[in-house]
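User: Please take me through this structure one feature at a time. Give me the general idea first, then the case at hand.

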Amino acid sequence: MFETTPIFKNDVLFFTVAGSIIFSMRAKSSKQPTPAKKETKSSGNIYDVFVKRMFGRIFVFVDFLVNYADPKFVAEINLRKIKPAPTHYIGKTGDERIVDLIFQCPLKDGSGDLMAVIIFEHQSGSLKIVPRKLQKYISAIWDAETKEKKKVLSAPYFIVLRTAKKPHVRKYPKMADSLPKDRDGKPLGMVPEINYDVVDLPAWDFGKLRGGPVLRLAMGMLKKMIEGNGDDFPEAMLPLLEIADEGEQIELSKELLEFVAKAMAAHNRRLDAAMVSKALKPIFRDKERAMIKTIFDEKFLEGRAEGIAEGEAKAVVKFLTTRFRRVPKTISDRVLAIGDSVVLDSLTELAVTCETLDEFAKALK
């Protein structure tokens, strides 16, 4: 069995970990009962942004690892020394870079690191693209480590966090499936294969989600919003009752409800005050009305997010100004003209990770 070090803060169980871990989560379209239309690329990013925010908390990542990763893998890493790692790039231009969450975890025996790449797949299709993606990721990681003159390269461990409505019941796709075959049906050439694990959301029993309250909040909310029409999402917020700190409850409530609102808006539905009240009443009891005012303003509750988007846009420009001192008016005007909160979420992340203003400007085109 692997070892964990529990730490309690505000009655929330934290675990400390160590290793090199990348979350690579790409949101793709899924079908919902109403209306009968596909999600746009930007609406798919709603799930991507939500997972990054929730799993960006180190203790949530560790909690997920301890409860859902292969115990043999977890047993090899030092669970006390987790720390964020820098982004590794794919391609000279940075167009195909890994921009998701990265954590470094050394091995217990001090002989090196493990690099776990967690792929987030919000889709209804197969996993055919995964083997090629993993080949690309590990090559980028090893190239970066070679340039850093690292003597022992990180050992890869890949998990696909899959959120399609139905479990994947067939064998996991391999690189050989995409290559030419000989007369006997065997792949030609020396086929490089990378094994990976899959954590399949539709296979979860909602009432038996594992881990601490924040991990169960994240995974439960994903499940509720992907299944059905999401009207029963208040059930997913019940783990908030296990968190004693009211400030933390408010912060998490805001993140969860923002996700619900954006997911519903992607399907021409609205999160209104009645839904929010129903969700918050079991958590804050007689104070839910005050909490609603604390968490959201009236415009948001009525589905009019213009003010929020404007504030997000100004925050992006302010952050760019802090990083690069001077931001050309052409860039700031473009950002301030954006009214889509999902797009602004992506630009916020890019503002943090981009190396130059030119790189940021290219993403605006």
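Analyst: Start with a helix pair: α11 and α13 are oblique to each other, where angles under 35 degrees count as roughly parallel, over 145 as roughly antiparallel, 65 to 115 as roughly perpendicular and the rest as oblique. The model is predicted, with local features needing pLDDT of at least 70 and side-chain atom pairs pLDDT 80 or more, while totals for chains, interfaces and linings use all residues. Residues are numbered from 1 along each chain as its sequence is written, and side-chain values use heavy atoms, without hydrogens or water.

User: What angle do the axes of α11 and α13 make, and which residues form the contact?

Analyst: An axis is a line fitted to C-alpha atoms, for helices over the stretch in contact, and the angle between N-to-C directions runs from 0 to 180 degrees. The axes of α11 (residues 329-336) and α13 (residues 357-364) cross at roughly 40° and come within 11 Å. The crossing is left-handed, the term for a near helix turned anticlockwise from the far one by less than a right angle, with clockwise being right-handed. I331, R334 and V335 of α11 meet L357, F360, A361 and L364 of α13, where contact means heavy atoms within 4.5 Å. Six nonpolar, no polar and one charged residues make up this contact. Here Ala, Val, Leu, Ile, Met, Phe, Trp, Tyr, Cys and Pro count as nonpolar, Asp, Glu, Lys and Arg as charged, and the others, Gly among them, as polar.

User: How many helices and strands are there in the protein?

Analyst: Helices (H or I, at least four residues) and strands (E, at least two) are DSSP runs, numbered from the N terminus. The protein has 13 helices and eight strands. Of its 365 residues, 49% are buried, taking buried as under 20% relative accessible area, exposed as over 50% and partly exposed as in between (1.4 Å probe, protein chains only). Among contacts with a separation of 6 or more, 72% join residues 24 or more positions apart.

User: How do α6 and α7 lie to each other, roughly parallel or roughly antiparallel?

Analyst: The axes of α6 (residues 246-265) and α7 (residues 273-284) cross at roughly 155° and come within 12 Å. The two helices are therefore roughly antiparallel, and the crossing is right-handed. From α6 the contact takes E246, Q249, I250, S253, L257 and M264, and from α7 it takes M275, V276, L280, I283 and F284. Sorted by class, that contact has eight nonpolar, two polar and one charged residues.

User: Which strands pair with β7?

Analyst: Two strands pair if DSSP finds at least two bridges between them. Strand β6 (residues 113-122) runs parallel to β7 and is joined to it by eight bridges, with L114 opposite A155. Strand β8 (residues 197-200) also pairs with β7 in the parallel sense, over four bridges, and there D200 is the partner of R162. Six of the eight residues of β7 (residues 155-162) are buried, so this strand is largely enclosed by the rest of the structure.

User: Is E145 buried or exposed?

Analyst: E145, in helix α4 (residues 130-147), is buried, at 2% relative accessibility. Beyond its neighbours within four places in sequence, E145 contacts M115, K150, L153 and S154.

User: What is there to see in the phi of K149?

Analyst: Most residues other than glycine have a negative phi. K149 has a positive one, near 60°. This residue lies in the loop between α4 and β7 and is exposed, at 73%. N268 also has a positive phi, about 60°, and is not a glycine. N268 is in the loop between α6 and α7, exposed at 57%.

User: How far is K174 from P131 in sequence and in space?

Analyst: The two are 43 residues apart in sequence and 5.7 Å apart from C-alpha to C-alpha. K174 sits in the loop between β7 and β8 and is partly exposed, at 46% relative accessibility. Neighbours within four places aside, K174 is in contact with P131 and E193.
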